[in-house]
Amino acid sequence: MQKFFGAKPTAAKKALLLGAGFVVNPTLTLLSEAGVEVTVACRTLESAKQICEAVRNANPISLDVQDEAALDAEVEKVDVVISLIPYTYHPLVIKSAIRKKVHVVTSSYISPAIAELEKEIQDAGITVMNEIGLDPGIDHLGAIKIIDEVHKASGKILSFKSFCGGLPAPEASANPLGYKFSWSARGMLLALGNTARFYQDGHIKEVPGPELMSVAQPYETEHRGYAFVAYPNRDSTPFREKYQIPEAQTIIRGTLRYAGFPQVIRCIVDMGFLSQDTQDFLQHSSTPLPWKEATAKILNATSSSEQDLIQAIDSKHSFADTDKKDRTAEKKRIIAGLRWIGLFSDDPITPRSTPLDTLCATLEKKMAYEDDERDLVFLQHRFEIEHQDGKRETRTSTLVDYGDPKGYSAMAKLVGIPCGVAVLQVLDGKLSKGLLAPYTPEICDPLRAELEKRGITMKEETVA
């Protein structure tokens, strides 16, 4: 652990850390080792106590951030608030910080609701630093470095592609999706419903959420041991301005998964399992339905027999994949995956009102990490560069990191440590006041230097 921490003590500084998620511990430990007194606030006191156990300079409390008076009372005691709770609550936290003139750090994107507070943040004279985790966060630091270097040498960024995946390590990926959950299954599945927008060859392309899995393509990387597929996510078009690359004709930011993931997910989507409509048969009951009966109702199948369920699936989903491989083999593989999840079984559902949430309850049980399993983070930028003399270059910037089954997961470390480093920079007065995100060399360079001291770095290579 020592290589991640070891920061110089920051005397008499106090922080309020909101959250109980898996990224909290690395942030807390880094701040504790730096001498910051941290109050850890969770909705339940027991959760906060578990996080603070064996961590010096840590004090657990119970706090509901929707209780404005209680939140204000805790915020005014500290120098900085670290908000690692769901992003929808960040505006509440920032409004409290504005009232009490206290700094804020989050690992989330600047949402429209946060952007609306920019003038109030400036008037309060505080720093609100956002987007400093992994993605967003480390991805910005690596991108801005190369973009700045190319521009200073009078070169151009013709194309920028960035893909990131938080995945089980290959040896832990043996399930039909090649995926495991270290966070909310609901969050991952809902993200698949977001429309993707990006620049490709100078034109804006748009892919509706339900079609995302149809455009997933094999991702070729110089790391030959991985079988990745990639698909775009969110809206990449603002990054032409944020990264100051108006010359770029292609800008795509996206997600990496293992091969086979898109086809299974696409079938699940077509079956109706991403529906958030409340259903009577998915309500809590002392005798919950077996999965096969719930699946039959969601599909409107004629019966709950496996044969009738597959026939109903056939009517809703085309099993031919994007490469037009043998339909029978593809269907066999996907049906085996649905069978493994348990959708045709007599196992009782864990009813959560909607098809989406009921499915998530099962996925989180079936696809959780075992104690001895590790995760993998793979982040890669790919730049097409035109130098001042007209020569072309393809350059990559890559981060590959594995979790430690006896310590932090790769995802927890790569979100929590950058966040903690940013907090120290705020406490030390190294970041300017206002609403910030790491989009300039002035912000990115010092953050990247601190992460490199802790062994977190992106490797750059010229590949063409």
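**Exercise 1. Determine how far the sulfur of Cys 267 is from the closest cysteine sulfur, and whether Cys 267 is buried or exposed.**

Solution. The model is predicted: local features require pLDDT of at least 70, side-chain atom pairs count only at pLDDT 80 or more, and totals for chains, interfaces and linings use all residues. Residues are numbered from 1 along each chain as its sequence is written, and side-chain values use heavy atoms, with hydrogens and water left out.

Step 1. A disulfide is a pair of cysteine sulfur atoms within 2.5 Å.

Step 2. For Cys 267, the closest cysteine sulfur belongs to Cys 360 and lies 16 Å away, which is too far for a bond.

Step 3. Cys 267 has a relative accessible area of 0% and is therefore buried (buried means under 20% relative accessible area, exposed over 50%, partly exposed in between, with a 1.4 Å probe and protein chains only).

Step 4. Cys 444 is likewise in no disulfide, the nearest cysteine sulfur, in Cys 419, being 15 Å away. Cys 444 is also buried, at 0% relative accessible area. The structure as a whole holds 0 disulfides.

**Exercise 2. State how many residues of helix H10 are buried, and what follows the helix.**

Solution. Step 1. Helices (H or I, at least four residues) and strands (E, at least two) are DSSP runs, numbered from the N terminus.

Step 1. Gly 272 follows H10 and has a positive phi, near 100°.

Step 2. Arg 257 lies over the face of Phe 261, at 5.5 Å from the ring centre (the criterion is NZ of Lys or CZ of Arg within 6 Å of the ring centre and within 35 degrees of the ring normal).

**Exercise 3. Classify the aromatic pair of Phe 228 and Phe 378, and explain what the pair ties together.**

Solution. Step 1. Rings of Phe, Tyr and Trp (its six-membered ring) pair if their centres lie within 6.5 Å; planes under 30 degrees apart count as stacked, over 60 as edge-to-face and the rest as tilted. The structure holds 13 aromatic pairs.

Step 1. The centres of Phe 228 and Phe 378 are 4.9 Å apart and the planes are at 55°, a tilted pair.

Step 2. Phe 228 lies in strand S11 (residues 228–232) and Phe 378 in strand S13 (residues 375–386), so the pair ties together parts 150 residues apart in sequence. Phe 228 is buried at 3% relative accessible area, and Phe 378 is buried at 0%.
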